Amino acid sequence: MKVWVYHTPEQVPTGELPDCAVVVDVLRATTTMAVALAAGATGVQVFADLDELMRVSHAWPEAQRLRVGERGGKVVSGFDLGNSPLDCTPERVKGRRLFMSTTNGTRALTQVQHAPQVLTCALVNRQAVVELLRQQQPERVWVVASGWEGAFSLEDTVCAGALLAGLGSQATTGNDEAVSALALYQQWHNDLLPLLQRASHGQRLLGLGQAADLQFCAQVDCLTTVPRQSEPGILKAVT
């Protein structure tokens with residue numbers, strides 16, 4: 001496997017696709033997706049546009065859907081949930097599809113949705129993604145960090161590095177960003193919560209009173225569920 005890391009969706013090359021794209025948004029979309037699917041959600045359908053989300057989700061029975069909307073770290077008015085993994089309890093999400101739009105993570109998924117395989121990864125399910133990649137051995141892998149509004153983010157890059165560290169000798173780095181992601185993880189792997197707290201989006205979430213979300217998102221390898229795209233924009237669980 002050869003692995004390229006892109007710090008933001010805007011850096012993703014145009015006119016080509018990898019064998020597998022892995023989208024990362026540790027704070028918090030890809031963490032929330034993994035938690036929701038592990039808790040029994042039937043799927044997660046992502047949207048860049050809130051109006052489109054409302055239009056599509058309207059066709060679903062209310063008892064079978066949850067509208068998940070986040071902008072700037074806050075719940076979108078009129079939506080059922082924001083973007084907190086702690087809200088995705090089995091009692092809340094089991095048997096329901098999440099219709100989801102977030103500031104950064106859903107944009108990243110849209111950017112690579114036509115790749116032959118699309119997975120999402122967070123720190124919480126890092127090892128599960130590693131094991132799936134080891135089984136499948138895709139030749140070209142892009143790890144697409146969501147960043148924050150087009151800018152580099154520490155938390156997504158350290159997760160990309162954690163993924164590379166888990167793959168070990170089975171993967172080679174395809175660009176300097178991959179080398180730097182691995183170095184960041186090697187430097188901080190024993191202090192991930194302090195790193196997330198230092199990150200600009202971590203600071204933003206702390207200011208919104210969401211310290212518990214940071215603590216949860218900093219956990220490593222606590223879930224065995226991998227969200228995988230079943231059709232463009234729709235993710236289902238691989239366990």
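Me: In which helix do R55 and E52 lie, and how many residues apart are they?

Reply: Both R55 and E52 belong to helix α2 (residues 50-57), where three residues, about one turn of the helix, separate them. Helices (H or I, at least four residues) and strands (E, at least two) are DSSP runs, numbered from the N terminus. An α-helix has 3.6 residues a turn, so residues three or four places apart point the same way. This is a predicted model, in which local features need pLDDT of at least 70 and side-chain atom pairs count only at pLDDT 80 or more, while totals for chains, interfaces and linings use all residues. Residues are numbered from 1 along each chain as its sequence is written, and side-chain values use heavy atoms, with hydrogens and water left out.

Me: What joins R55 to E52?

Reply: Side chains of opposite charge can pair when their charged atoms come close. A salt bridge is a side-chain nitrogen of Lys or Arg within 4 Å of a carboxyl oxygen of Asp or Glu. R55 and E52 form such a bridge, with the closest N and O atoms 2.7 Å apart. By this rule the structure has five salt bridges.

Me: Which parts of the chain does the salt bridge between D221 and R126 link?

Reply: The closest N and O atoms of D221 and R126 are 2.8 Å apart. This pair links distant parts of the chain, 95 residues apart: D221 in the loop between α10 and β10, and R126 in helix α5 (residues 126-136). Accessibility is read as buried (under 20% relative accessible area), exposed (over 50%) or partly exposed (in between), with a 1.4 Å probe and protein chains only. R126 counts as buried at 8%, whereas D221 is partly exposed at 33%.

Me: Why is α6 described as largely enclosed by the rest of the structure?

Reply: Twelve of its 14 residues are buried, so α6 is largely enclosed. Among them are V158, C159, L163 and L164. The expected span of a helix is 1.5 Å times one less than its number of residues. Helix α6 (residues 154-167) reaches 20 Å from its first C-alpha to its last, close to the 20 Å expected. G168, with a positive phi near 55°, follows α6.
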